[in-house]
Amino acid sequence: MSTATLAPPATRGLVEITKVRKSFGAAEVLKGITLTVQPGGVTVIVGPSGSGKSTLLRTINHLEKVDGGFIAIDGELVGYRVRGSRLHELREKEILKQRREIGMVFQNFNLFPHLTALENVTEAPVVAQGRSKAEARERGLELLDRVGLRDRADAYPRQLSGGQQQRVAIARALALDPKILLFDEPTSALDPELVNEVLDVIRELAKSGTTLIIVTHEMGFARDVADTVVFMDQGRIVEQGPPQDIFSNPQEERTRSFFSKVIEPAFNI
Amino acid sequence: MSSAVTSVSQSAPEPAAVVADRTTRAAVDYADYPLVPAPRPWRWVGTAVVALGVAAVAWSLATNPRWEWGVVAQWFTARSVINGLAETLKLTAISGVLGFVLGFILALMRLSSSPLLLSVSWTFSWIFRSTPLLVQMLLWYNLGYLYEKISLGIPFTDVRFFEVQTTTLISQFAAAVLGLTLNQAAYSAEIIRGGILSVDQGQLEAAAALGIPAWRRSTRIVLPQAMRAILPNAFNEIIGLVKGTSIVYVLAYSELFYTVQVIYNRTQQVLPLLLVATLWYVVITSVLSVFQYYIERHYSKGAVRTLPLTPLQKARKFFATHAPVRSLR
């Protein structure tokens with residue numbers, strides 16, 4: 001496994017989120033979010049449950065439609081096209097094409113249980129990119145190797161541990177060579193002893209030049225890997241900045257009280 | 001529990017030494033002792049009672065002359081019976097396939113967000129599940145009474161591409177297929193819909209996030225997983241359909257059941273001939289059950305950690321592990 005397959009320090013993968021709003025029924029979960037994510041950087045979003053972190057992440061690949069505002073990736077609008085003075089939603093086909101540039105890793109893995117680890121990884125390259133099966137297979141094995149699971153290529157997800165399943169899910173997200181990778185609480189469903197094997201894989205990815213946006217509760221990991229930490233609460237961004245500033249010297253009272261509750265137990269390790 | 005422990009310590013003069021010895025190694029090596037399973041007397045009693053019952057039923061079947069096994073054997077492979085069987089299989093296959101295809105379309109309509117498609121699908125299931133199959137059959141066969149001619153053209157205009165007398169179009173066969181298919185579609189739509197709903201929403205989301213197109217999402221991701229919920233019910237339906245075809249006798253259509261009726265009306269050997277039909281239905285159901293087993297096993301890939309052994313593999317394993325017994329012979 002060489003580093004040649006890793007993307008060079010990238011100029012692609014700039015995410016600009018502008019005044020994004022989203023409601024579920026009467027509850028407004030995103031109240032005008034504006035955020036710029038630098039290409040090749042690692043942005044970690046933290047905050048209490050229900051603060052809108054996951055919803056924000058899911059708007060980035062249009063799994064969740066915004067009610068207002070817009071998101072652009074490398075200057076291209078996500079899910080919409082400007083026509084006159086309106087934003088027209090793209091057709092399904094065009095949205096799928098955009099999504100192929102954005103990998104996503106879910107809290108509950110969402111691996112396809114009836115497909116083997118390798119089939120999970122090769123499905124999208126064959127169907128969505130039209131690669132040959134042999135080529136996709138070779139590349140799939142390479143990716144499984146990268147997450148340390150080449151020898152488990154023919155196992156079905158239920159035959160794997162949670163940590164292994166999440167690593168397969170990461171390999172699957174990488175298979176389309178995305179410029180951006182979204183992680184939605186990738187370690188929340190894992191036993192504590194399995195968390196590190198997944199975090200180690202993400203740490204490796206952080207060096208590869210792919211833009212990473214990570215929602216997590218692992219504060220130690222956030223401090224370690226993030227270029228920027230974003231703290232969200234009640235649908236708003238309260239504070240953002242480099243991890244040393246945010247964690248050691250938070251400016252807002254809300255940030256301070258949140259960290260005082262979550263960081264202490266995390267340092268027991 | 002605690003009393004047992006104290007009694008042990010009382011009987012042992014040097015408890016500390018005994019405990020220490022046990023934790024290191026037992027005094028005697030039991031590794032080569034043969035293992036004896038616990039006695040299970042009630043299992044033997046149960047086995048004996050059931051065996052006796054089975055033997056009694058078999059004995060009465062074999063020895064009671066009124067079953068007339070000779071007559072059964074004589075008609076079992078008779079040409080007319082085999083022809084009737086072929087008709088039954090043909091009806092089952094055609095209305096089974098058409099019924100499930102139509103059912104699949106109805107299930108998708110029912111899951112659609114268009115209120116018109118949804119309510120048409122709902123109404124279809126409602127009507128065909130609430131009318132007896134027998135009535136549907138007779139209704140289709142007598143369609144000529146309601147509509148003298150059937151034509152294909154542009155609605156609300158006089159343009160007609162094609163027009164035919166209803167009675168020539170709706171033969172007994174056509175009425176039977178129509179009735180069985182539409183009835184089957186109504187039931188299978190619900191089964192397929194239930195299967196699709198049983199698949200976790202996260203699966204669709206993950207597929208969408210990977211940019212996999214909608215049709216492929218359904219066929220490659222959702223349906224294979226839905227099949228696990230669909231198959232047992234679907235086979236129930238198909239087995240029901242095999243026997244359901246016997247209702248076609250009201251149209252005097254010469255499938256298996258009607259053929260047998262014609263024969264016993266002539267020969268007066270009612271029970272043996274009903275037995276002929278029954279045995280054929282048993283054969284068909286048995287074959288279908290074997291298919292069901294293997295198809296379900298195929299779709300349980302990934303749903304269970306290790307696939308259960310097939311009966312064939314079990315038999316092989318049995319002979320492999322009992323090899324010493326064979327070598328003794």
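What percentage of the 269 residues in chain A is buried? Buried residues account for 46% of them; a residue is buried if 20 or more other C-beta atoms, placed from the backbone, lie within 10 Å of its own, exposed if 12 or fewer, and partly exposed in between.

This is a predicted model, in which local features need pLDDT of at least 70 and side-chain atom pairs count only at pLDDT 80 or more, whereas totals for chains, interfaces and linings use all residues. Residues are numbered from 1 along each chain as its sequence is written, while chains are lettered from A and ligands numbered from 1 in the order in which they are written.

**Overall form of chain A**

Chain A contains nine helices and 12 strands, which are DSSP runs (helices H or I, at least four residues; strands E, at least two) numbered from the N terminus. Its radius of gyration is 18 Å, which agrees with the value near 18 Å for a compact globule of 269 residues; the radius is taken over C-alpha atoms, and the globule rule is 2.2 Å times the number of residues to the power 0.38.

**Domains and contacts**

An automatic or database domain assignment divides chain A into domain 1 (10-101 + 180-266) and domain 2 (111-177). Their C-alpha centres lie 25 Å apart. Contacts (C-beta atoms, placed from the backbone, within 7 Å) are listed below by pair.

**Nonpolar cores**

A nonpolar core is a set of buried Ala, Val, Leu, Ile, Met, Phe, Trp, Tyr and Cys residues joined through C-beta atoms within 7 Å. The largest has 79 residues, of which Val105(A), Leu144(A), Ala171(A), Leu182(A) and Ile213(A) touch the most other members. This core draws at least three residues from each of domain 1 and domain 2 of chain A. A second, separate core of 36 residues includes Leu91(B) and Trp280(B).

Not counting residues up to four places away in sequence, Ile213(A) touches Val37(A), Thr43(A), Ile45(A), Leu57(A), Ile60(A), Ile180(A) and Leu182(A).

Technical notes
Contact = placed C-beta atoms within 7 Å.
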